[in-house]
Amino acid sequence: MIELHVNAGFVDGIAIDHLWGAAALLLLPLAIRYLHGRPAWPAAGGRRQLVACLLAATGLIHLGLVPGHLAIEPVTSGLFLVNGLLFCGLSVLALSWRRWRPAAALLLTSTILAYGVFVAAGWESVDDLGGVTKLIELAAFGLTVMPTRTGAFRWTGATASTLVMALVGGLLAWGGILRDHAGALSQVPSGRPTAADRQAAYQFATRTWSDISRYQDATVARAAGYKPTTAEAGGTVHYENKAYEGDRRPIMDPTRPQGLVYANTARGPVLLGVMFVLPKAGQRGNDFNGAVGGWHEHPNVCVSPVSFSLSGLLTPFGSCPPLSFAITTTPMLHVWRPDMPNGPYGELDDRWVKKIQAGQV
Amino acid sequence: MKTAREVAFLLLVLQAAIGFLTSLGPIVLSLGGAPANAILAVLAIALSIIQVVLAALFLRGSRRAGAWLIAYEALCLSGAALAAWIHLGADDRFAPVATNLALPTLLLVLLLRLRLWSAHEDRSDRRGEHRQDTGWILGGGRARGALWHAGGGGQHIRGRELLGGDAAGGAGRRGVGGA
């Protein structure tokens with residue numbers, strides 16, 4: 001999960017290690033000025049000039065990403081450096097080089113697909129800067145493959161390839177978002193936990209599981225007021241209790257959690273854990289001095305007055321379905337069954353859920 | 001103007017692709033037991049298909065398609081502006097601002113400029129002035145004006161070919177793209 005680092009809106013969705021990439025965009029006017037001063041600029045034509053500017057923009061962003069990754073992921077940092085230099089070099093060459101189109105198409109295709117593979121594999125988080133950078137690259141790709149001559153076949157091919165590239169890139173990025181707790185933003189740890197803090201967090205998880213074990217039977221939960229709030233046909237279902245919501249709700253009360261999470265199995269729902277939800281957005285949850293890293297909020301949930309419910313998640317490019325709008329959930333914390341492989345406060349392990357559904361756990 | 005029309009077309013295609021992507025959430029949810037979301041999925045797909053068709057017609061020079069697209073972009077922009085004003089979610093973040101506010105604004109400006117330019121050309125035609133740039137990059141559409149009436153003669157033909165159109169005044173009479 002990306003850390004909720006500033007709570008200031010515009011840059012909230014950009015990972016901390018990507019902020020320099022966004023800042024590098026401020027150099028774009030200088031890059032455009034440089035390109036404008038090249039002898040080949042006047043004769044290049046509007047489209048090549050625009051492609052050169054877009055390549056310069058993505059090149060600057062990639063170069064800006066180098067310092068943020070250098071210490072922890074030197075290989076990724078090296079890839080960003082090479083990619084950034086190639087983009088910047090090509091932005092200059094695009095103005096005069098005869099073979100700029102295949103070169104740009106190849107570089108853009110490989111970059112967009114490599115990004116998709118990186119995020120889908122979990123090696124990188126999808127953030128707002130990633131979405132906007134891909135949008136810039138897709139625009140450059142579209143302008144590059146667009147034919148200069150007339151012909152329905154050429155134009156249809158160019159349009160189809162741009163659409164396919166946007167869809168494939170978007171789908172892979174969406175895979176990365178789903179993998180990364182559906183694009184949730186995590187709370188910054190409040191401190192450096194001591195052994196006592198860790199012990200307290202462990203005891204809270206143990207007590208919570210002990211107190212909610214009566215809800216292992218979903219009919220008991222329903223009788224207590226818990227109702228399914230997500231699609232019941234899904235692999236996991238969230239149940240919520242409206243009596244425990246509102247401003248006067250119980251806060252982190254193991255006997256009265258706001259939500260329960262079940263896995264759908266052939267034998268009926270199997271309790272996986274609970275969900276504590278705070279009343280107000282932006283509120284800090286008790287993380288036992290940083291020992292619990294699970295507090296998060298979902299800023300990318302789309303709801304629709306048409307379906308009267310959740311209608312999806314923001315795409316990697318930041319859009320909701322039609323007739324829907326994005327909302328930010330209030331902070332929440334999951335406490336899972338003690339045998340969850342990632343720990344009681346960790347990210348829910350899909351393979352573990354599948355084993356439960358198969359009756360192997 | 002040719003580049004402006006190409007850029008507008010490309011941005012419309014990208015916006016349609018994003019529209020297709022937005023349909024996936026409602027599809028998954030409707031399959032998972034929330035069937036009302038199917039309406040949203042169908043709407044998202046239908047709007048994206050219509051947008052691509054209108055973009056192609058606009059590229060060929062259809063003013064009516066341009067007018068529909070202007071109305072659609074204005075609607076998208078007002079919706080996004082309203083959402084940003086109410087501000088319940090991530091509307092003020094970098095990617096949503098770029099996609100939901102900056103992109104429709106850019107498209108609206110491009111489409112309106114092209115429309116104004118086209119109206120200006122019509123006035124020039126009525127005054128008997130020559131067209132300098134047809135803007136019909138596929139060589140199709142309703143290329144009205146001096147070039148059209150001249151049947152693509154002499155120096156106008158060269159100007160038109162330089163701009164990417166065909167010499168005879170449009171594939172609209174011979175099929176898309178003049179092939």
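Reader: Which element gives the most to the lining of the second largest pocket?

Author: In this predicted model, the pocket is an open set of points on a 1 Å grid with protein on both sides within 12 Å along at least five of seven lines, and its lining residues have an atom within 4 Å of a point. Strand 10 (325-327) of chain A and, from chain B, helix 1 (2-22), helix 3 (37-60), helix 4 (63-86) and helix 5 (94-126) each supply at least two lining residues, where helices (H or I, at least four residues) and strands (E, at least two) are DSSP runs. The most, nine residues, comes from helix 4 of chain B.

Reader: How many salt bridges does the rule find across the interface of chain A and chain B?

Author: At this interface 59 residues of chain A are in contact (heavy atoms within 4.5 Å) with 49 residues of chain B. A:Asp128 and B:Arg93 meet through their side chains in a salt bridge at 2.9 Å, N to O, the rule being a side-chain nitrogen of Lys or Arg within 4 Å of a carboxyl oxygen of Asp or Glu. Across the interface, the number of salt bridges found is two.

Reader: What is the volume of the largest cavity?

Author: The search of the whole structure finds two cavities of 30 Å³ or more, a cavity being a set of points where a 1.4 Å probe fits but cannot get out. Of the 21 residues lining the largest cavity, A:Val126, A:Asp128, A:Ile177, A:Asn300 and B:Arg93 lie nearest its centre, so the residues of the salt bridge named above, A:Asp128 and B:Arg93, are both in this lining, where lining means an atom within 4 Å of a point. The volume of the largest cavity is about 210 Å³.

Reader: Which element provides the largest share of the lining of the second largest cavity?

Author: About 50 Å³ of space lies in this second cavity, which is lined by residues of both chains, including A:Trp155, A:Thr162, B:Phe9 and B:Val13. Two or more of its lining residues come from each of helix 1 of chain B and helix 8 of chain A. The largest share, four residues, belongs to helix 8 of chain A.

Reader: What conventions apply to the numbering and to the atoms used?

Author: Residues are numbered from 1 along each chain as its sequence is written, and chains are lettered from A and ligands numbered from 1 in the order in which they are written.

Methods: Predicted model: local features only at pLDDT ≥ 70, side-chain atom pairs only at ≥ 80, totals over all residues. Heavy atoms only, no water. Points joined across faces, edges and corners; volume = space filled by probe spheres on them.
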